[in-house]
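Please open the model in your viewer and keep the sequence panel beside it.

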Amino acid sequence: MELAVFFAAAVVAVATGVVAVAHRNPVVNVMSLVVTFFCVAVCYALLAAPFLAAAQILVYAGAILVLFLFVVMLLNAPLAESDQPRKLQRIFGLAAAALVGLGGAALAVVAIPGAGEPVAEGTAAAIGRLLVGPHLLAFELVSVLLLAALVGAMVLVKRKA
Amino acid sequence: MWAELAITAAKLLAVATVLLTCVPIMVWVERRGAAFIQDRLGPNRVGPMGLLQPVIDAVKLFFKEDLTPGGVNPILYTLAPMVSMFVALVTFIVIPFSADAGVEVFGVPLKGIHVAPDLGVGVLYLLAISSLGVYGIVLAGWSSNNKYSLLGGLRSSAQLLSYELSLTMSVLGVILVSGTLNLQEVIARQGPEIWKWHAVTQPIGFIVFLVAAFAETNRLPFDLAEAETELVAGYHVEYSSMRFASFFMSEYINIVTISALTVTLFLGGWQVPWLTATLSGWPLVLVSAGAFAAKVAFLLWLFVWVRWSLPRFRYDQLMQLGWKGLLPLAALNLLIVGVAMGQGWL
């Protein structure tokens, strides 16, 4: 049962991922990226990390990609032209994709020690305890970083009155 | 396992049916309520007391011409109402409608009328899915190839994003006190006593949540994005027939969902002052479900009441209220809750 859900989510994620990079229309790219992240969240949920799944949708798909969408719409990004062949980039890109695909297939065959066991609990309470316990410094530093980004954005946008 | 799946499918069907039936009822309540507030009668010719009016409206919408204007982006134009409906319907699976009285159906424990009872991150799931609602509006506004749609869509999405912050922060106060993200537990810890419900112990949080709820559902006094006098109809002006009906329905379903969420988090959910402590088994399930429905009905009436009583906010006033008014208030609420918990009062 979980296998069926995983396969469905994985196939849709890969397909929409390809659409996200290959389509001409930038708005369609962003929307297919939303679907990709939704499927990734489903995979997180299947891996017993419900907090991460919900946070992925809340933060990534629900806030960051909305911002992407705003930028694309407000800047009226043009459709990507398809009349430039770009042969060299295409060859290198396909070679890199083949390499990554072979690596992934090799991972499926070769056994990795410790794979398949849950590393830590995925519930919100467990993650909370980790954040204010062993990883407190990193947590506080990230919040200061966010504050700096916020102030920087406000300074950049502020016009001389 | 098949019995579990069947029970879950039955619960899903029941919830979806009730939700979709709420829409014509809300339409009727809205039109009659608006009429009585404005000292007139409202629809009273079609069926007894005008009760068939929404049915006739639905039939009319169904038979209207389904026109796709030229110049629209066809994929996104079709996708937008689907996204709105999906988001509106899917949020309901984590809301518990009745007590978990330990009853069993065909050997499967029916953990209350709750479609997804064991979801440990219920509140987070709800906030995540409702943050996806922005996409329906933005896509509708942009793909319609119309200045007014675009303006309405962008305004509405900015409003939704801003008020989502205050909404989430006021919910944080409730989560702090309950110590859990599971909605059934949040209700259970509120207990049957009214003075323990979070609307009484955290009044600031409750007010912030209600105001943010009005803004999140694009209801007056925050409906500038679709105000008839300002932007024609805002983001759904280019939609006709059943696509407009989808937006319309998803707006009402959002109202029902937010009311249910308010009842769950702040008004004690399915708790009834004396009854839920003394009853058990099937009577408890039925009484608690009835109490939940009654509370949600009251909140739905509140939505209609406020709509026809207050004037509309201007857009800059709306944004100022969201960022400079509600967000500091929500933070203050969090501070007070933290101090109270530290002192052991909560």
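A residue is called buried here if 20 or more other C-beta atoms lie within 10 Å of its own, exposed if 12 or fewer do, and partly exposed in between, with the C-beta atoms placed from the backbone. By that rule, 45% of the 346 residues of chain B count as buried. This is a predicted model, in which local features need pLDDT of at least 70 and side-chain atom pairs count only at pLDDT 80 or more, while totals for chains, interfaces and linings use all residues. Residues are numbered from 1 along each chain as its sequence is written, and chains are lettered from A and ligands numbered from 1 in the order in which they are written.

**Stop 1: all of chain B**

Colour the chain by secondary structure to find 14 helices and 2 strands, where helices (H or I, at least four residues) and strands (E, at least two) are DSSP runs numbered from the N terminus.

Now colour by pLDDT, the predictor's confidence in each residue, from 0 to 100. Chain B averages 86, and 97% of the residues score at least 70. Among its elements, helix α9 (residues 203–216) of chain B has the highest mean pLDDT, 93, whereas helix α10 (residues 228–231) of chain B has the lowest, 56.

**Stop 2: helix α1 of chain B**

Select residues 2–37 of chain B, which form helix α1. Its 36 residues should span 52 Å at 1.5 Å a residue, and the end C-alpha atoms are 51 Å apart, which agrees; the expected span is 1.5 Å times one less than the number of residues. Which residues of α1(B) are buried? They are K11(B), C22(B), V23(B), M26(B), W28(B) and E30(B). Just after α1(B), click on D39(B), which takes a positive phi of about 65°.

**Stop 3: all of chain A**

Move to chain A, whose secondary structure comes to 6 helices and 0 strands. Of its 161 residues, 18% count as buried. Colour domain 1 (1–79) and domain 2 (120–161) of chain A separately; these bounds come from an automatic or database domain assignment. The C-alpha centres of the two domains lie 23 Å apart. Here 5 residues of domain 1 of chain A are in contact with 4 residues of domain 2 of chain A, two residues being in contact if their C-beta atoms, placed from the backbone, lie within 7 Å.

**Stop 4: where the chains meet**

Show both chains together; the contact takes 16 residues from chain A and 17 residues from chain B. On the side of chain A that touches chain B, the elements giving two or more residues are α2 (26–46) and α3 (50–74) of chain A, and α3(A) gives the largest share, 11 residues. For the complex, the predictor gives an ipTM of 0.83 and a pTM of 0.88.
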